[in-house]
Amino acid sequence: MPTPHRRLSDPRELNALAHPVRMALVELLSVSGPLTATELADRLDETPANCSWHLRKLAQHGFVVEAEGGKGRQRPWTVPGLGFRWDEEHASPSVEERRAAQALSEVVMGRAIDRLRESQERAPEDAEEWRAARSNTEMIAWLTADELKEMNDAINAVLDRHVERLTDPAQRPAGARLCEFVSWGVPTYFPGVEPA
């Protein structure tokens, strides 16, 4: 099983990943296992040459590696780890790291929002049980920094509950579908609302 949650802080790594095609490649390899550049290109509506170029860029930073069982154009690629974390534990990132982390966050969140919109558009086609299981939640609360950290830790623990199912198909129950959860717990700013 790949190791979870690689911590990113090098601006070069963050910038290398902050590209929609590269992020799409990493996402597909994370959920679909080893794939060739041609297979990835078919799924992403890209050219194999473009996917190969981006895969080599990702490989320079260790985000993807060649998998066993192929040569030349038929060589499959895989991810050596599962997931990334950035700009959260580092107390004082450099300006360059902060900008690179923000660029990566924008790509990741933009892709997640696009998938949310697509899921909402396709919801009427889903079986009733899947429509009933859906949820969109948004809330605000007055919290201390310690309480915010505690809630984020609890949410992360829940989100990591079934992580092994991404890499081990035998762990997936019959009828399981790929589902996405997006979470952020951050101080928020409303005009005229000051801290207590």
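This report describes the overall layout, a helix contact, a sheet and an aromatic pair in a predicted model.

## Overall layout

The chain holds eight helices and five strands. From the N terminus, the elements run β-α-α-β-α-α-β-β-β-α-α-α-α.

Along the principal axes, the C-alpha atoms fill a box of roughly 60 × 50 × 30 Å. The chain has 196 residues, and 24% of them are buried. Take the contacts between residues at least 6 apart in sequence: 64% of these join residues at least 24 apart.

## Helices H2 and H4

Two packed helices are described by the angle between their axes and the distance between the axes. Helix H2 covers residues 20-32, and helix H4 covers residues 48-60. They pack at an angle of about 80°. Their axes lie 10 Å apart. Angles of 65 to 115 degrees count as roughly perpendicular, so H2 is roughly perpendicular to H4.

H2 brings Val 21, Arg 22, Leu 25, Val 26 and Leu 29 to the contact. H4 brings Asn 50, Cys 51, Trp 53, His 54, Leu 55, Lys 57 and Leu 58. By class, the residues of this contact divide into eight nonpolar, two polar and two charged.

## The three-stranded sheet

Strands of a sheet pair through backbone hydrogen bonds, either parallel or antiparallel. Here, three strands form an open sheet in the order S2-S4-S3. The pairing is antiparallel. Strand S2 (35-36) and strand S3 (65-66) stand at the edges. Each has a single partner strand, so one side of each is left without a neighbour in the sheet.

Strand S4 spans residues 76-78. S2 and S4 pair in the antiparallel sense over two bridges. Which residue of S4 is the bridge partner of Leu 35? That partner is Trp 77.

## The aromatic pair

A pair of aromatic rings is described by the distance of the centres and the angle of the planes. The count for this model comes to one aromatic pair. The rings belong to Phe 63 and Phe 84, with centres 5.3 Å apart. Their planes stand at 85°, so the pair is edge-to-face; the cut-off for that class is over 60 degrees.

The pair links distant parts of the chain. Phe 63 sits in the loop between H4 and S3. Phe 84 belongs to strand S5, residues 81-86.

Is Phe 63 buried or exposed? Phe 63 has a relative accessible area of 2%, so it is buried; the limit for buried is under 20%.

Key: Residues are numbered from 1 along each chain as its sequence is written. This is a predicted model: local features need pLDDT of at least 70, side-chain atom pairs count only at pLDDT 80 or more; totals for chains, interfaces and linings use all residues. Side-chain values use heavy atoms; hydrogens and water are left out. Axes are lines fitted to C-alpha atoms, for helices over the stretch in contact, and angles run from 0 to 180 degrees between N-to-C directions. Helices (H or I, at least four residues) and strands (E, at least two) are DSSP runs, numbered from the N terminus. Angles under 35 degrees count as roughly parallel, over 145 as roughly antiparallel, 65 to 115 as roughly perpendicular and the rest as oblique. Contact means heavy atoms within 4.5 Å. Ala, Val, Leu, Ile, Met, Phe, Trp, Tyr, Cys and Pro count as nonpolar, Asp, Glu, Lys and Arg as charged, and the others, Gly among them, as polar. Two strands pair if DSSP finds at least two bridges between them. Rings of Phe, Tyr and Trp (its six-membered ring) pair if their centres lie within 6.5 Å; planes under 30 degrees apart count as stacked, over 60 as edge-to-face and the rest as tilted. Buried means under 20% relative accessible area, exposed over 50%, partly exposed in between (1.4 Å probe, protein chains only).
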